[in-house]
Amino acid sequence: MNAPKTHPESEAAAIAYGARPSILVMAWAGLLGYLALTVLFVLIPLSVQELRRFVLAGALYGAYGFWAFLKLHRCGRKLTPDGAQLAEAMELHRQFWNHAPFVSACTIPIAIAILWPGFQGR
Amino acid sequence: MPPAPTPSPWESLRRSRWALFAICGLMALWFILLAFLVIATTSHYVEILRGRRSFSSLLLTNSLLPVCLGYGVAHYLVGRKLLALARQSKDLAVGAPLRPAGEAFSSFWKANLRAHLLLFAFVVSAWALLYFLR
């Protein structure tokens with residue numbers, strides 16, 4: 001007896017659904033991580049006189065990372081076994097990856113600004 | 001104006017290919033910067049303690065070394081999957097088989113989670129070891 005044929009799109013959607021737990025765990029880790037980073041990037045410049053001018057940059061960076069991971073979280077929630085919301089999920093996935101390189105690249109100047117006084121022995 | 005219709009899932013994945021390639025490059029750049037930081041901090045101490053301890057013994061006690069090694073291994077593992085997903089996204093065209101793209105997507109996210117857990121466990125245990133051996 002032949003097995004019932006599945007539509008290639010729904011078959012691919014069912015495979016993509018396998019990524020849902022990993023995406024949700026990574027999204028939660030990112031959301032909590034950026035919440036912690038935002039607190040750090042605001043508190044450290046507030047406690048060091050020379051870094052006061054970076055408070056806004058730190059807060060904006062943290063909020064930007066949090067917002068990007070919020071998109072990933074929404075993407076994970078929209079992945080279902082039947083692929084009913086796969087189009088929205090993949091669009092959110094695209095939006096997350098469009099921002100991820102900028103979130104990652106912004107870490108360099110912020111980290112240097114915070115680590116610089118440490119390197120100079122202050 | 002009515003909102004633009006959501007593109008098909010595979011079209012969205014195809015459009016994200018440049019960002020996926022960019023993040024592959026950034027991961028490599030981060031590793032190079034981290035390796036430079038490890039060498040720079042170790043060299044700094046070598047200069048202070050010149051003649052008393054060797055570079056390799058100081059390198060082994062540098063607490064940034066586990067982070068650098070863990071980052072390198074974990075991101076090599078996940079980078080391969082990300083590159084595979086980016087290549088699959090690039091090859092997605094009308095009428096192309098969708099199964100490989102779905103598999104690459106799922107496989108990348110599973111590997112991503114495993115690699116980050118591995119990195120976390122490795123760094124925490126290495127730091128604990130360095131702390132107790134001090």
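Let's start with chain A. Its secondary structure comes to 4 helices and 0 strands. Along the sequence the pattern reads α-α-α-α. Keep in mind that this is a predicted model.

How much of chain A is buried? Of its 122 residues, 31% are. Now the contacts within chain A. Take those with a separation of 6 or more: 70% of them join residues 24 or more positions apart.

You will find A:Arg74 in helix α3 of chain A. Buried or exposed? A:Arg74 has 16 other C-beta atoms within 10 Å, so it counts as partly exposed; the buried class needs 20 or more, and the exposed class 12 or fewer. As a distance to check on screen, go from A:Arg74 to A:Ser104. They sit 30 residues apart along the chain, and their C-alpha atoms are separated by 20 Å.

Next, the two chains together. Their contact takes 26 residues from chain A and 25 residues from chain B. Look at the chain B side. Helices α1, α2 and α5 of chain B each give two or more residues to it. Which one gives the largest share? That is α5(B), with 10 residues. By type, the chain B side divides into 14 nonpolar, 7 polar and 4 charged residues.

Stay on α5(B) and bring in α2(A). The axes of these two helices come within 8 Å and cross at roughly 45°. The pair is therefore oblique. The crossing of α2(A) past α5(B) is left-handed. Who makes the contact? From α2(A), it is A:Ser22, A:Ile23, A:Val25 and A:Met26. From α5(B), it is B:Trp109, B:Lys110, B:Asn112 and B:Leu113. Sorted by type, the residues of this contact are 5 nonpolar, 2 polar and 1 charged.

Now the core. The largest nonpolar core holds 41 residues. Which members touch the most others? They are A:Ala16, A:Ile23, B:Ala101 and B:Phe105. Both chains supply this core. In chain A, two or more residues come from each of α1 (8-17), α2 (20-47), α3 (55-78) and α4 (86-119). In chain B, the elements doing so are α1 (9-15), α2 (17-48), α4 (64-91) and α5 (99-133). We have met A:Ile23 already, in the contact of α2(A) with α5(B).

Last stop, B:Ala101. Set aside its neighbours within four places in sequence. What is B:Ala101 in contact with? Across in chain A, A:Ala12. In chain B, the list is B:Trp10, B:Leu13, B:Gln88, B:Ser89 and B:Leu92.

Definitions and conventions
Residues numbered from 1 in each chain as written. Chains lettered and ligands numbered in written order. Predicted model: local features only at pLDDT ≥ 70, side-chain atom pairs only at ≥ 80, totals over all residues. Core = buried A, V, L, I, M, F, W, Y, C linked by C-beta atoms within 7 Å. Contact = placed C-beta atoms within 7 Å. Axes fitted to C-alpha atoms, helices over the stretch in contact; angles between N-to-C directions. Parallel < 35°, antiparallel > 145°, perpendicular 65-115°, else oblique. Left-handed = near helix turned anticlockwise from the far one by under 90°. Nonpolar A, V, L, I, M, F, W, Y, C, P; charged D, E, K, R; others polar.
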